[in-house]
Amino acid sequence: MTNPFATHDVFNQSPPFQDINLFASDEALMEAVAREGAAHAVERLNAFGAACGSAEAFERGRLANENPPRLKRFDSQGHRLDTVEFHPAYHECMAMSIEEGLHCSAWDDLSEPGTQTLLGANVVRSAGTYMAIQMEAGHQCPITMTNAAVPTLLLQPELARSWIPKVLSRTYDKSFKPAMRKRGVTIGMGMTEKQGGTDVRANSTTAVPAGSGGPGAEYVVTGHKWFMSAPMCDAFLVLAQAPGGLSCFLMPRFLPDDSVNALAFERLKDKLGNRSNASCEVEFQGAHAWLIGEEGRGVPTIIEMVMSTRLDCAVASAGLMRLTLANAIHHCRHRTVFQKHLVDQPLMSQVLADLALDVEAATALSFRLSRSFDRASDGHAAAWRRLMTPVTKYWVCKIGPALAYEAMECLGGNGYVEEGLAPRLYRELPVNAIWEGSGNVMALDLLRVLQREPETVAIVMDDLGNATRGDAHLKAHFSRVQGLLHEPRQLDRRARDLTEALAVLAAATILRSHAPTAVADAFIATRLSALARHTYGQGLDWADTRAIVERAFPR
Ligand SMILES: Cc1cc2nc3c(=O)[nH]c(=O)nc-3n(C[C@H](O)[C@H](O)[C@H](O)COP(=O)(O)OP(=O)(O)OC[C@H]3O[C@@H](n4cnc5c(N)ncnc54)[C@H](O)[C@@H]3O)c2cc1C
């Protein structure tokens, strides 16, 4: 008998968005990987893309975010615990990313001293990050920080000798015990204090030598950090005021005698997004830590870590944008409105294509930046890395939230409902612009390069100038950027103008040289023109939007 309360059949809803190979379905990613020097890793990335896009992996991502971490400050008898409990799905994501080497593979050559830096290692790692972030974003925080901590650790050889082999392990060991008894470790970072995150020189946390002091020596640290993410890491790079000024320390969770170090977790932040990742407020109550480098050299010592995390922010935002776009295209291919699939409605086709242009540009820029981390010994790559890290981080991370909002709207009401992917992606994207140097800080970093390293700017502008040959729009935009560079008056007020103009120029040159004509033409015509655009879906009436959408997410 039919159910008398069943009032309708469910139809015209898109099927679940899952079981998608995040590598094989992404032409722009595959081309970027090959172009930027990592063609040798295609097979491995293909397998990882299938794993990250599986229904099980997406379910893991959902569970890890719907069951956020919980702080355990005390046990039932009142003893301090200072541990954080995560849902098993979070640990599964960690295990998967660590097995893939996303926390360290850029440094694989360190396991065999004397070998050359592996060409393409950063590009391969970025491709893995770009896909793992689509499975689940929050767990990438400790993964990113661990990879980024390596160059800072290397500055203090005796610390590097004991910690780097543990970092290079491909085994995720979630147990809470001394690092040297674990099969693998993760490393976090504590710089931000209540009174300042950007201005770390205002740090009030103090470090007093336990003995004679100096590089590699033990200090006693007292103070706090206002944001310290992934508190279950095995050690943290922290900044504190030593007698000789702001300095960088390695602070382990356990001391050499196996006792727990004096880190007291006060509470976990209740965050807009990034909910699977724990970010804590912590007090250092006479915690022990070991000095890396010289006293007073804290910022230059930790800066290498920061450069790497900025690269990851851009790659992560590009990956998340890619997922929001693919999800929107998938929906619009299945949803019929007024007897036509949404994807075939001219206005929707324009919106989707317009979103796809930004994703393609963000991907191209992020992977060009990754390559510059691989070839840091080459002068051109080193210049690109220095100048374009803040530029790429600024632009890619900033366009993400607006893109996620528009992609959400493509799904109509379903886009606004928590069971779907769109709300989580929308809440996740802003954080990449805020942490690791927010927008203005990136623009100011660009100014710093202009003022202190004119030769770096000259190399990059030379390369960009060569790439504009034969395209009048590109040339005109290049002249505009040159104009901004050579008009030093009030450059401090126009730093954002310059940062964005440089990012768009660099993206356009890569697309012009390597993307299909339909994509490059549309990007250049809309992003480099004088047309004032504040929302997506404009200025593309002449473009082959169907081809752009088809390339973005092939059927
Ligand atoms: C989810 C999350 C996790 C985090 N995890 C960590 C962590 O693990 N470790 C850690 O150390 N920190 C962490 N942070 C902190 C983060 O790095 C800081 O919030 C960030 O650096 C900004 O510092 P602030 O919050 O003190 O803001 P402020 O430094 O006060 O900056 C506020 C605003 O002012 C702008 N600004 C700063 N200087 C200038 C200037 N000269 N001119 C114009 N504008 C300026 C900034 O761009 C920003 O927009 C985390 C933050 C978040 C949201």
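User: Which residues are buried in helix 7 (residues 157-167)?

Analyst: Buried means under 20% relative accessible area, exposed over 50%, partly exposed in between (1.4 Å probe, protein chains only). In helix 7, the buried residues are Leu159, Ala160, Trp163, Ile164, Lys166 and Val167. They sit on the same side of helix 7, because they cover an arc of only 155° around the axis. The arc is taken over the directions from the helix axis to the C-beta atoms. Helices (H or I, at least four residues) and strands (E, at least two) are DSSP runs, numbered from the N terminus.

This is a predicted model: local features need pLDDT of at least 70, side-chain atom pairs count only at pLDDT 80 or more, and totals for chains, interfaces and linings use all residues. Residues are numbered from 1 along each chain as its sequence is written, and side-chain values use heavy atoms, with hydrogens and water left out.

User: What covers the buried residues of helix 7, and which exposed residues does the face turned away carry?

Analyst: Contact means heavy atoms within 4.5 Å. The cover includes helix 6 (140-153), strand 3 (187-190), strand 6 (235-242), strand 7 and strand 9. The face turned away from the buried side carries Arg161 and Pro165, both exposed.

User: How do I read a polar contact? Where does the side chain of serine 276 make one?

Analyst: A polar contact is a pair of N or O atoms within 3.5 Å; within protein, one must be able to donate a hydrogen and the other to accept it, and residues adjacent in sequence count only if both atoms are side-chain atoms. The serine 276 side chain pairs with the side chain of glutamate 136 at 2.7 Å. Serine 276 lies in the loop between strand 8 and strand 9. Its relative accessible area is 1%, so serine 276 is buried. Leaving out residues up to four places away in sequence, serine 276 touches residues including Ala64, Phe86, Tyr90 and His139.

User: What does the side chain of serine 366 reach?

Analyst: It reaches the backbone oxygen of alanine 362, at 2.7 Å. Serine 366 belongs to helix 9 (residues 346-374). With a relative accessible area of 0%, serine 366 is buried. Beyond neighbours within four places in sequence, its contacts include Leu311, Val315 and Thr392.

User: Now backbone angles. What is the phi of asparagine 274, and is asparagine 274 buried or exposed?

Analyst: Phi is near 55° for asparagine 274, a positive value in a residue other than glycine. Asparagine 274 is in the loop between strand 8 and strand 9 (279-292). Its relative accessible area is 4%, so asparagine 274 is buried.

Aspartate 258 also has a positive phi, about 75°, and is not a glycine. Aspartate 258 lies in the loop between strand 7 (245-252) and strand 8 (263-268). Aspartate 258 is partly exposed, because its relative accessible area is 38%.
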